[in-house]
Amino acid sequence: MALEHNEPGGISSPEAAAPADVIMPRDTRILVASQWQLIWWRFRRHKLALFSAFILIVIYLIVLVAEFIAPYDPGDYSARYTYAPPQTLNLFDTRDGQLSFNSYVNDYTVEIDPQALRRTFVIDPETRIPVRFFVRGWSYKLFGLIETDIHLLGPENPRDRIFLLGADSIGRDVFSRMIYGTRVSMTIGLVGVLISLVLGIFLGGISGYFGAWIDNLIQRSIDFLRSLPTIPLWLGLAAALPLSWGPLQIYFAITIILSLIGWTALARVVRGRFLSLRTEDFVMAARLDGASQMRVIFEHMLPAFYSHIIASITLAIPGMILAETALSFLGLGLRPPVVSWGVLLQDAQNIRSVATAPWLLTPAIGVIVSVLALNFLGDGLRDAADPYSH
Amino acid sequence: MTQTIANPKAPLLEVIHLKKYFPINKGVLSRHVGDVRAVDDVSFEVYPRETLALVGESGCGKTTIGRCVARAYKPTAGQLRYRDAAVQPRGTRASDATADGTDLATLSERDLIPYRRNIRMIFQDPFASLNPRMTVFNIIANPLKIHKLAKGKELEDRVAELMRQVGLRPEYMRRYPHAFSGGQRQRIVIARALALDPRLVIADEAVSALDVSVRAQILNLMQDLQDQFDLTYLFISHDLSVVEYVADRVAVMYVGKLVELASTDNLFRKPKHPYTEALMSAIPKPDPRLRSKRIILGGEVADPANPPTGCYFHPRCRYAQERCKVETPPLRPVGDHLVACHFAETLDLAGIPAVSAS
Amino acid sequence: MNGSVVENILLEVRNLQTHFFLQEGTVHAVAGVDFVLHRGSTLGIVGESGCGKSVTAFSILKLVTKPGRIVGGSILFDRSNNGKPDIIDLAALADNSPQLRDIRGKDIAMIFQEPMNSLSPVHTIGDQITEGIMLHLGLSKADALKRAIALLREVGIPKPEERVHAYTFQLSGGMRQRTMIATALACSPKLLIADEPTTALDVTMQAQILDLLRQMRAQFGMALMLITHDLGVVAEMCDEVVVMYLGEVVEQAPVDQLFHDPKHPYTQALLKSVPRLGYGRGQRLNPIRGSIPDPFSRPTGCPFHDRCEKRIPGRCDVVHPKLTRLPDGRTVRCLLYEDEAS
């Protein structure tokens with residue numbers, strides 16, 4: 001019987017040459033380490049995944065305190081500032097030859113092109129609009145509970161307007177709208193994934209555990225669902241939603257639509273793991289101990305899953321985000337006044353906007369950053385997920 | 001089933017015409033096109049306090065028999081008569097315990113539960129048979145918890161005692177399997193098997209995956225435990241030298257059938273089946289002075305899904321005659337052996353001569 | 001090693017060291033290995049897990065990949081065909097140098113434990129065998145194919161002219177192992193390294209394959225380096241034996257002397273712990289106590305001292321024994337003999 005399994009391409013690890021009767025770790029911590037600790041230690045080595053995790057923590061903090069961070073209410077518009085370009089936030093002032101700390105943005109001077117009757121904004125470096133941190137602005141309820149009007153940053157004089165990422169077609173602050181859009185886009189993915197999770201684990205689990213015709217039935221259904229072209233399907237379902245529904249109802253309807261398709265990937269993963277675990281000796285040992293099937297599944301098999309499930313979820317969220325963005329961009333998902341990245345990108349649908357006001361595309365950066373971060377994080381989690389696979 | 005080896009004790013386990021077929025399904029609609037005959041009509045007895053070895057090569061069915069006896073698989077046909085006065089089948093009284101014992105092959109899962117305490121299994125791969133996500137304590141305590149035999153402090157004491165009995169330090173019970181070497185993990189597996197005070201222990205290649213110098217540790221441990229707890233072993237192995245060391249009687253299997261059954265001494269000194277002879281001849285002996293012309297069997301082990309006609313061994317047998325191709329030999333007593341060969345009486349086969357330990 | 005018996009030596013390994021650089025630390029998988037292989041002879045390398053026997057074999061053909069690396073020592077191989085020594089140090093060659101590729105497959109060939117892993121699933125076995133032939137012997141495709149068919153016949157594959165066009169998965173386990181042997185022998189190598197070639201096989205199949213190796217060895221006149229943990233295989237096949245423990249050679253001796261007069265305490269203990277046919281229940285098996293040490297924390301002094309029955313307290317745990325040459329030519333790495341020999 002094999003004691004040493006060597007890969008003929010070359011030995012790349014001494015584990016390949018020294019498995020059977022060697023006690024591997026010398027650090028006592030590893031001896032008593034649970035699977036979560038082992039997973040964490042493996043995960044730590046993926047610098048990119050760690051960095052992505054950090055980015056995502058920042059993003060979800062923004063989601064939590066969006067009102068605090070946004071200087072303006074997202075619906076707050078001003079006809080004077082349509083398509084105003086972004087103003088850079090300066091922290092140091094060199095006026096009068098001296099360096100002093102003074103956070104401000106430059107104001108605009110407005111020029112009107114006589115021929116096209118178009119208003120253009122030019123940043124005037126001589127002017128100063130003071131910007132302060134933790135200023136008083138419009139009031140809101142933090143976490144929906146605490147009434148306050150403190151914002152992370154904003155103009156010292158509440159009547160001034162600052163546009164850190166420019167303004168859109170009716171003078172709304174793109175920066176504030178981006179922050180609010182983050183909240184909707186990043187959470188719609190979570191709700192949808194949760195529903196997919198339940199469906200995926202349940203259907204994938206019974207498929208993998210019981211096998212036979214149940215497995216066949218579920219897998220063929222999955223094949224069918226996956227073969228449906230997604231965009232027309234979404235469009236059809238979204239268009240079927242009654243126009244009279246309020247934005248919140250539409251929000252949830254969209255998430256349900258997304259998750260009804262998304263559960264298939266997770267189900268496949270769960271089924272695969274169940275199938276491979278079913279034949280493991282320790283599962284048979286548990287059955288021979290007298291454990292019921294339920295006990296075997298929940299106490300002995302499921303713990304082998306959790307990390308895989310977490311990795312799969314992390315990798316499923318970007319799909320949800322992209323799907324919502326696409327639907328809303330096409331006008332069939334969320335609609336104003338709800339603000340999401342997709343809704344924001346609707347404003348960038350024509351050439352004129354993109355050419356003259358390219359800052360309207362910044363929500364796309366939000367999508368890219370979050371999707372990349374989630375993918376890198378998911379990859380790292382997936383690699384670390386099985387600390388016992390040698 | 002007549003007993004050919006005079007034994008006053010009644011058998012603990014009687015395997016009667018056991019069959020286990022695995023269906024082969026092909027095509028989109030999974031039609032049943034044939035069977036892999038893993039175990040093809042096998043009968044034998046296991047007596048209390050003995051070690052009966054099942055030997056053979058891959059595909060012979062020895063592991064499948066072990067799993068059928070443990071009821072990890074449900075047999076396709078046949079009986080597994082288990083006689084143990086200590087276990088009452090559900091719904092019977094002590095006086096009902098028939099001399100024939102209970103047939104485990106047909107019991108439902110619920111009815112099997114009391115028997116799962118008496119028949120336990122030791123697995124081959126100490127890496128795969130321990131859940132890497134459970135502590136040693138939980139692994140050993142699991143059967144005790146399921147059968148509600150102990151809890152709390154008492155449970156912890158029992159686990160500590162079991163660990164000591166198999167030679168492990170009880171302080172290690174909060175560790176995970178990856179902290180232990182292969183030999184130590186196998187000890188954990190043995191402790192788990194012993195947790196319920198079993199009568200019959202099925203050891204499925206218990207030492208095959210261990211380092212050579214560690215095997216002796218585990219074999220000695222198993223023998224000590226057998227003496228201490230009155231255990232009966234069904235010892236499944238492909239390694240004949242280990243089998244000669246531990247077994248009282250040996251059953252040789254080939255492609256799902258039992259071809260020879262005899263006491264260890266009788267089997268090794270004077271085998272009566274050509275396959276047994278070839279098997280023993282094929283083993284390389286760890287002594288260069290014992291290099292001899294060996295019987296090299298041509299061909300490969302027959303396919304259990306498509307076995308040859310007549311005697312399954314006839315295509316590779318150097319003594320095969322016409323009769324062997326047509327007629328399947330029954331397992332019958334010849335001298336002190338049970339043999340399945342038409343010519344068992346007349347063949348003069350070579351075994352392994354006994355060496356006196358110097 | 002002086003030049004007097006050099007004509008007969010095919011391969012000499014001196015102080016070979018191969019280390020694996022891992023996150024947790026460095027594993028000295030091969031920690032100073034010395035042995036000698038003579039032309040046409042069969043050398044067995046035997047040891048348990050962690051002894052480094054496979055890594056040694058892979059090191060010889062420079063097949064060790066990251067995070068492993070040869071860090072020291074020399075592998076002297078005599079690749080001449082005409083009696084005048086032409087010695088090359090394989091350890092000093094760059095990993096992909098043309099000289100190395102010239103030797104691999106032609107002068108030194110290797111077979112592995114699991115043929116399913118080392119044969120390509122997407123090429124016919126004919127393609128796999130002829131590749132080496134065409135590369136090293138310069139034959140045309142047609143001639144190479146003829147040679148391949150002849151080789152398949154040699155190794156006992158029935159209907160070779162048909163089988164040569166089969167794919168790996170269409171063959172049974174024994175056939176695959178034979179195919180692997182045919183591929184290795186295609187260019188008549190001087191040395192065949194066999195890494196646990198029969199460990200995964202049934203006993204009767206093992207007998208067939210060992211018999212085949214014996215035949216091929218005689219027919220091709222080649223040297224055979226047989227790596228295994230099975231002492232029976234060693235006794236059957238080998239002329240000389242090297243015993244390894246934790247990355248070092250602890251003993252090298254002719255096979256009969258090793259089994260009947262072992263010098264190193266590990267060899268002695270190993271032989272006493274293995275059941276032997278014929279002794280039955282009458283024998284006493286003496287296991288070696290303890291287990292193989294963790295490769296990250298090697299014991300001080302002699303690597304075997306903590307499990308050794310004959311250790312000298314105060315010396316064996318402090319002094320690392322050198323490889324001593326005994327008067328009869330054998331080598332042992334043990335302080336018990338260092339005193340005698342000096």
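How many residues of strand E9 (residues 249–254) of chain B are buried? The legends below begin with this strand.

The model is predicted, and local features are described only at pLDDT of at least 70, side-chain atom pairs only at pLDDT 80 or more, whereas totals for chains, interfaces and linings use all residues. Residues are numbered from 1 along each chain as its sequence is written, chains are lettered from A and ligands numbered from 1 in the order in which they are written, and side-chain values use heavy atoms, with hydrogens and water left out.

**View 1. Strand E9 of chain B is mostly covered.** Six of its six residues are buried, where buried means under 20% relative accessible area, exposed means over 50%, and partly exposed lies in between (1.4 Å probe, protein chains only). Strands (E, at least two residues) and helices (H or I, at least four) are DSSP runs, numbered from the N terminus. In a regular strand the side chains alternate between the two faces of the sheet. Here B:Arg249, B:Ala251 and B:Met253 point one way, B:Val250, B:Val252 and B:Tyr254 point the other way, and all are buried.

**View 2. E9(B) pairs with strand E3 (residues 51–55) and with strand E10 (residues 257–263) of chain B.** Two strands pair if DSSP finds at least two bridges between them. E3(B) and E9(B) run parallel and are joined by four bridges; B:Ala53 stands opposite B:Val250. E9(B) and E10(B) run antiparallel, with six bridges, and B:Met253 has B:Leu258 as its bridge partner. The hairpin of E9(B) and E10(B) has two residues between the strands, and B:Val255 takes a positive phi near 45°.

**View 3. An open sheet of eight strands in chain B shows mixed pairing.** The strand order is E6-E7-E8-E3-E9-E10-E12-E11. Strand E6 (119–122) and strand E11 (332–334) are the edge strands, each pairing on one side only. From one strand to the next, the twist averages 20°, with axes taken as lines fitted to C-alpha atoms (for helices, over the stretch in contact) and angles running from 0 to 180 degrees between N-to-C directions.

**View 4. Strand E10 (residues 248–254) of chain C is largely enclosed by the rest of the structure.** Why is this said of E10(C)? Six of its seven residues are buried, so the strand is largely enclosed. Strand E9 (residues 240–245) of chain C runs antiparallel to E10(C), and six bridges join them; C:Val242 is partnered by C:Gln252. These strands form a hairpin with two residues between them, and C:Leu246 in the turn has a positive phi of about 50°. E10(C) also pairs in the antiparallel sense with strand E12 (residues 331–332) of chain C, over two bridges, where C:Gln252 stands opposite C:Thr331.

**View 5. C:Leu90 is one of the residues that touch the most other members of the largest nonpolar core.** A nonpolar core is a set of buried Ala, Val, Leu, Ile, Met, Phe, Trp, Tyr and Cys residues joined through side-chain atoms within 4.5 Å. The largest core holds 103 residues. C:Leu90 touches, among others, C:Ile60, C:Ile75, C:Phe77 and C:Ile108, not counting residues up to four places away in sequence; contact means heavy atoms within 4.5 Å. Another core, of 78 residues, lies apart from it and includes B:Ile188, B:Ala216, B:Val255 and B:Tyr275.

**View 6. Both faces of strand E6 (residues 108–111) of chain C are covered.** C:Ile108 and C:Met110 on one side, and C:Ala109 and C:Ile111 on the other, are all buried. E6(C) pairs with E7(C) in the parallel sense over four bridges, and the bridge partner of C:Ile108 is C:Leu191.

**View 7. Two loops hold backbone features of note.** Most residues other than glycine have a negative phi, and most peptide bonds are trans. B:Lys148, in the loop between helix H3 (136–146) and helix H4 (152–165) of chain B, has a positive phi of about 55° although it is not a glycine. B:Lys148 is exposed, with a relative accessible area of 72%. In chain C, a cis peptide bond with omega about 5° joins C:Lys66 and C:Pro67, and C:Pro67 is found in the loop between helix H1 (53–60) and strand E4 (68–78).
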